[in-house]
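Biologist: I have the model open and would like to go through a few spots with you. Could you take my questions one by one?

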Amino acid sequence: MIFLKHNGKTPVAVSKDGHPLELEFKNQAVSAACFLLAERFPDETLLWYHEEVEPNLNLAFIENFSRESEMWSYAADRPLVIAEEMGFVDQSVFFRIQSGVKYSTWLMSSAVGVISCKALLQFKEYIPVDSNFDLFLCILAKTGMSKGLRVYSEPRLIRSSVKSTLSFSINTKTTYTAIASLMGKKWLILFALQLLLYRKKLNFFQLAKSFPVKSIPQRDIPHFEVTPSDQNNVKPKIQFDVIIPTLGRKEVLKQTLTDLAEQLLLPQSVILIEQNPDTDSVSELDYLQSQSWPFQIRHTFTHQTGACNARNLALDQVEADWVFLADDDLRIPNDFLQKADAFSRAEDPQAFTVSCLQEGEIEPEKTVIQWPAFGSGCSFVKTAVLENIRFDLALEHGFGEDADFGMQLRKTGVDILYNPFLKLIHLKAASGGFRKPVEKPWDTENPAPKPAPTVLASIVKHATPSQVQGYKTVLFIKFYRLQQIKNPFAYIRLMQKRWKVSLFWAKKLLNTK
């Protein structure tokens with residue numbers, strides 16, 4: 001392992017496995033030193049740290065770093081270089097950094113961090129060196145995420161006896177440059193306008209200075225290769241429980257169950273939650289008893305509709321090591337669970353979503369990446385991490401429960417990966433399903449709320465203040481061309497009223513769940 005100590009501006013000392021290295025950096029930027037060291041020692045791991053953090057390094061933990069496709073960092077009470085206001089243009093889960101848990105985020109820090117030299121070299125031709133080491137690390141991390149580099153805020157890089165919190169920068173100077181490099185001029189202008197709108201401030205000099213900054217050429221950067229799945233892995237094969245909520249899709253569900261019955265690796269059990277709001281109705285799934293199935297079927301019939309309640313009822317019955325949350329209208333290849341088992345044992349994730357497209361759609365992702373979403377009809381989760389996590393009933397009969405469930409996982413330190421090589425076909429059955437239309441208390445509001453209160457509730461619950469405001473701005477802009485009012489001032493007045501109604505009900509949902 002290569003140790004690079006710096007003072008925030010230039011390298012101070014370099015050592016390898018405890019032995020000092022006589023390298024002359026000639027007052028180069030720390031980012032330049034990182035690339036030079038990676039070229040000199042391509043098979044090593046690079047640890048960087050600020051000299052003030054050195055006494056608190058958790059070397060016993062750091063020395064166990066062995067993931068070539070990962071990058072860890074922790075701010076250790078030093079402010080992040082990015083301002084919270086960047087949430088105006090980045091509403092992703094990766095911006096909602098959490099203290100105290102390993103959290104997937106591109107918000108890196110010069111305080112302490114680690115990356116393999118092999119991974120670092122992959123970006124040498126594309127990421128320019130920068131005198132601001134924190135900014136360089138953030139740009140490297142955000143660029144790398146889309147190519148399969150897995151980046152984390154990892155508090156265990158410092159000793160557990162040291163209390164530490166995470167905070168954003170109070171200065172937006174480097175944020176302008178970050179947006180220009182990572183997102184482009186359109187978003188830079190949108191950021192500046194919102195900074196003026198919501199914060200009543202604008203740095204014209206920094207905006208002008210950032211305009212010539214070139215965006216990182218994302219298309220040119222190669223993807224990280226996926227770690228080959230070892231079918232002969234010494235770890236025992238994983239046991240899966242499958243949970244499926246269903247409503248009025250008897251034949252489509254039967255096809256999904258048939259696909260599960262033909263798996264090369266069979267599930268331990270399939271947990272079905274059948275719903276029918278008609279209080280005089282009984283189960284229509286007669287084939288559950290009339291046919292023989294090669295796995296246990298746990299069938300619950302309820303008159304209470306709702307995806308959140310149904311999945312929670314199923315999660316309470318899970319006994320296997322892993323749970324596969326599935327929709328009732330899937331086509332599943334017969335080697336699907338076998339491949340999921342191989343991926344889980346090789347990569348050791350805690351949660352991952354898989355490709356679930358309609359027939360004929362093309363999968364855009366080329367490698368396994370950290371995923372900003374969560375698909376409650378096409379995801380695997382390790383049972384051990386679900387003990388205190390359930391779908392929020394406040395979001396029942398709406399949309400937003402998937403995103404909320406994913407954020408609950410992330411806040412406990414669970415990273416959600418996306419595996420584009422595990423493929424399902426989503427039939428999108430025309431009838432039935434589990435989203436039964438239900439009259440909501442805001443249906444009689446005039447004007448009608450925009451966005452749906454359940455969606456806004458999920459955002460308000462987890463997003464930073466600037467992310468909420470940024471979501472509002474983008475919503476107003478995108479919806480303008482889809483409605484009939486073309487007078488922009490009249491449109492904004494109406495949308496402000498609709499937003500206010502939605503926010504009222506969103507807060508009411510969160511307070512009465």
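Biologist: Leaving aside its neighbours within four places in sequence, which residues is Ala 38 in contact with?

Modeller: Ala 38 is in contact with Cys 117, Leu 120 and Leu 121, where contact means heavy atoms within 4.5 Å. Keep in mind that this is a predicted model, in which local features need pLDDT of at least 70, side-chain atom pairs count only at pLDDT 80 or more, and totals for chains, interfaces and linings use all residues. Residues are numbered from 1 along each chain as its sequence is written, and side-chain values use heavy atoms, with hydrogens and water left out.

Biologist: Is Ala 38 buried or exposed?

Modeller: Ala 38, which is found in helix H1 (residues 30–40), is buried, with a relative accessible area of 0%; buried means under 20% with a 1.4 Å probe, protein chains only.

Biologist: Switching to H14, what covers its buried residues?

Modeller: The cover includes helix H6 (185–199), helix H13 (453–462) and helix H15 (488–511), and the buried residues of H14 include Val 468, Tyr 471 and Leu 475.

Biologist: At what angle do H14 and H15 pack?

Modeller: They pack at about 130°, with axes 11 Å apart, the axes being lines fitted to C-alpha atoms over the stretch in contact and the angles running from 0 to 180 degrees between N-to-C directions.

Notes: Buried means under 20% relative accessible area, exposed over 50%, partly exposed in between (1.4 Å probe, protein chains only). Helices (H or I, at least four residues) and strands (E, at least two) are DSSP runs, numbered from the N terminus.
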